[in-house]
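Hi there,

Here is the structure I promised to pass on. Have a look at it first, and then read my notes below.

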Amino acid sequence: MRTAWRVADVRAAERALLATVPAGTLMRRAAGGLAGHCARLLAERGGVYGSRVLLLVGSGDNGGDTLYAGALLAGRGAAVSALLLAPDRVHTGGLAALRAAGGRLVERLPERADLVLDGIVGIGGSGGLREPAAELVAALPELTGRSGDRATVVAVDVPSGVEVDTGGVPRPGNLPGTVTADLTVTFGCLKPALVVGPAAPRAGRVELVDIGLGPWLRGTPAVRVPEWSDVCDWWPRLGPEEEKYSRGVVGLATGSATYPGAAVLSTGGAVAGPTGMIRYAGGARAEVLRRYPSVVAAERVKDAGRVQAWVCGSGLGTDERAATELRCVLAAPVPVVLDADALTLLVDGSMAERLRGRDAPIVVTPHDREYARLCGESPTDRVGAALKLASWMNAVVLLKGDRTVIATPDGRVFANPTGTPALATGGTGDVLAGLLGSLLAAGLPAERAAAAAAYLHGLAGQEAARHGPVTAADVAAALRPVIARLPR
């Protein structure tokens, strides 16, 4: 599992490491890694020799990393020019190295560039870019290289202007407040802005350069990022003694006569999961049984029988019947997933109080608008917002979005790396809820179940999108082959 660290933790680790190595070591390591990634990009676009490289250079170490990397590229035959945004505070050693390697200074953007290195602001910046930097960044899409394509933008450590600890994207004026990169080369460790919030897509592909920082990072990471190997480790293994009840039974209180599709889609998500039996309770029994005849169906939660976890809310409605079903689910001493209409019902304070009194795990799955209804404000800082709701509800929060955030009541945060805009269509959340319930019923801890479900759901969305426009049914169908790749 990868980890992302706050600026204060990175700074402390850098100070500790710097005390053990000769001066300039970290900058040389960072610049060497940065130059290597840039050289590989240029090699794919015609070669380093003769390529045109533009450095946008701010003050401090970030600008120094950029200048030293530019010097290395110039030594390989690239035509490197540097535009200094703070000439009186430029890194003098880096500037001398660039000049010695044949690099030159320019006072305005050139007409052409194959590669642009964004070294304007590093992890110490905040508040977004202001003029003249914002004006320069706004003009970058107009730069073209020798092949006629748009210049490739490489961010140094983080895209300039992003809020590093939150992943926010300020916009101080009418001009862009941040750089949008094709590639970000980051040093020592990931930072939250590279994995969460609206800043993460602006980072493009992220490559990590090891500068020896890992052993010096102390405390708790800001964000954990699951990988395929983690999901493989968490996935329940089947033994020869297993039978349908020992694998777990998940209950679905989803759908209604008005929204039968939600019941079918949540069942599709649950069927793809590891449990051995599904019990359905609700007004869409006929539709569910027509599609999934192995499901055991009842009209109400109280008649459904024993389960190891409940999923409640997708397409349930918000009338008194739905509220009664939610109360029955919350009264059961098993883990529950609360989605969609169940979250709307939780806006009633008396219903929300039932959460804090439960001993069994709870996972809530709001998107941003549902979060705003629950909390009275939009989740601008998605990590902080998810943690706040997790603490208030004593629940694991799966805050859905492009980079879905999972937060626990004890302060841990996971960010899902597999999200895709293809999932922004009606019903995909129902599929996710069903899969999540199946994982809970199979015995996974709530935070692992939420992280694994989001990861696999994202992969299914990517898979479905390869074949054209995506529907929720496509995502449910794509879950099966994705999960089939997991070890059994």
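Strand 6 (residues 152-156) and strand 7 (residues 183-187) run parallel and are joined by three bridges. Strands here are DSSP runs of E with at least two residues, helices are runs of H or I with at least four, and both are numbered from the N terminus.

Before going further, a word on where this comes from: it's a predicted model, where local features need pLDDT of at least 70 and side-chain atom pairs count only at pLDDT 80 or more, while totals for chains, interfaces and linings use all residues. Residues are numbered from 1 along each chain as its sequence is written, and side-chain values use heavy atoms, with hydrogens and water left out.

Seven strands make an open sheet in the order 4-3-2-5-6-7-8, with parallel pairing (two strands pair if DSSP finds at least two bridges between them). At the edges sit strand 4 (104-106) and strand 8 (205-209), each pairing on one side only.

Helix 2 (residues 25-44) lies across strand 2 (52-57), strand 5 (115-119), strand 6, strand 7 and strand 8. Is L42 buried or exposed? L42 counts as buried because its relative accessibility is 1% (buried means under 20% relative accessible area, exposed over 50%, partly exposed in between, with a 1.4 Å probe and protein chains only). L42 and L115 are 73 residues apart in sequence, yet their C-alpha atoms are 7.6 Å apart in space. Leaving out residues up to four places away in sequence, L42 touches G47, V48, S51, V53, D114, L115 and R146 (contact means heavy atoms within 4.5 Å).

Finally, the largest pocket. A pocket is an open set of points on a 1 Å grid over the protein atoms alone, where a 1.4 Å probe fits, with protein on both sides within 12 Å along at least five of seven lines; lining residues have an atom within 4 Å of a point. Which residues lie nearest its centre? They are S59, G60, D61, N62 and G122, out of 39 lining residues. Helix 1 (7-18), helix 2 and helix 3 (60-75) each supply at least two residues of that lining, and helix 1 gives the most, with five.

Happy exploring!

Conventions:
Axes fitted to C-alpha atoms, helices over the stretch in contact; angles between N-to-C directions.
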